[in-house]
Amino acid sequence: MERNKESERSLIADYYTKHFEELKAFVYSRLPIADEAEDIVQNIFLKLLESKKMITPVTLPCLVYTMARNLIADYWRHRQQGEVYEHFIKTSNWRSRSTESVESLFSAQEVNEMLECGIAQLSDKQSSVYRLNVYENMPVKEIATTLNLSYKKTENRLGIARKKVRDFMTKALAG
């Protein structure tokens, strides 16, 4: 097992050495910001080195270019959201709304207390999965391993818990 992981790392390192400039040119052609393009390429290889999936010489090129396309799409999606927010700030009259009383706004502590009330309405099993995901920032796979559950069961519990907490929070913040 350890030998297999070392051979994968060697494969990734060789591919990085041989194809870095080619991949950077690919990313740069879709994202004409040199620093961002280089960061994306480096992130691809860092994610590959951390990946627990089996990587072979056949799958590596496809995986690299798929990851590149996904990270480029993420970059543009993120940038578009920033532009929407900037437009909102520039065009809205949010400053004139600051006359609202401070009491009408929720504090972070109040929102956290509401969240805890929502979590309290979950079953113990749902609550433990939800807390690990939200507070410990654990992905579903890690939660499943920690709680000794199947991936599907963990995913299902988290989905139900999220829906219940979201519904609770919507009602609590509206009322």
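1. Let's start with helix 4, which covers residues 108–120. Its 13 residues reach 18 Å from the first C-alpha to the last, close to the 18 Å expected at 1.5 Å a residue. Please keep in mind as you read that this is a predicted model.

2. Which residues of helix 4 are buried? They are Met-114, Leu-115, Gly-118 and Ile-119. Looking down the axis of helix 4, you will find these buried residues within an arc of 140°, so they line one face of the helix.

3. As for the buried residues, what covers them includes helix 5 (124–134) and helix 7 (151–174).

4. Helix 4 also has a charged link to helix 5. The side chains of Glu-116 and Arg-131 form a salt bridge, at 2.9 Å from N to O. This pair ties together distant parts of the chain, with Glu-116 in helix 4 and Arg-131 in helix 5, 15 residues apart. How accessible are the two partners? Arg-131 has 30% relative accessibility and so counts as partly exposed. Glu-116 is partly exposed too, with a relative accessible area of 29%.

5. How many salt bridges does the structure hold? There are five, and the Arg-131 and Glu-116 pair is one of them. In general, side chains of opposite charge can pair when their charged atoms come close.

6. Another salt bridge joins the side chains of Lys-24 and Glu-38, at 3.4 Å from N to O. Here again distant parts of the chain are linked: Lys-24 belongs to helix 1 (residues 2–30) and Glu-38 to helix 2 (residues 34–50), with the two 14 residues apart. Lys-24, at 22% relative accessibility, counts as partly exposed. Glu-38, at 29%, also counts as partly exposed. For both, the cut-off to remember is that buried means under 20% relative accessible area.

7. A further salt bridge sits within a single helix. The side chains of Arg-77 and Asp-74 meet at 2.8 Å, N to O. Both residues lie in helix 3 (residues 59–91), three residues apart, which is about one turn of the helix. Arg-77 is partly exposed, with a relative accessible area of 47%, and Asp-74 is partly exposed at 38%.

How values were computed. Residues are numbered from 1 along each chain as its sequence is written. This is a predicted model: local features need pLDDT of at least 70, side-chain atom pairs count only at pLDDT 80 or more; totals for chains, interfaces and linings use all residues. Side-chain values use heavy atoms; hydrogens and water are left out. Helices (H or I, at least four residues) and strands (E, at least two) are DSSP runs, numbered from the N terminus. The expected span of a helix is 1.5 Å times one less than its number of residues. Buried means under 20% relative accessible area, exposed over 50%, partly exposed in between (1.4 Å probe, protein chains only). The arc is that of the directions from the helix axis to the C-beta atoms. Contact means heavy atoms within 4.5 Å. A salt bridge is a side-chain nitrogen of Lys or Arg within 4 Å of a carboxyl oxygen of Asp or Glu.
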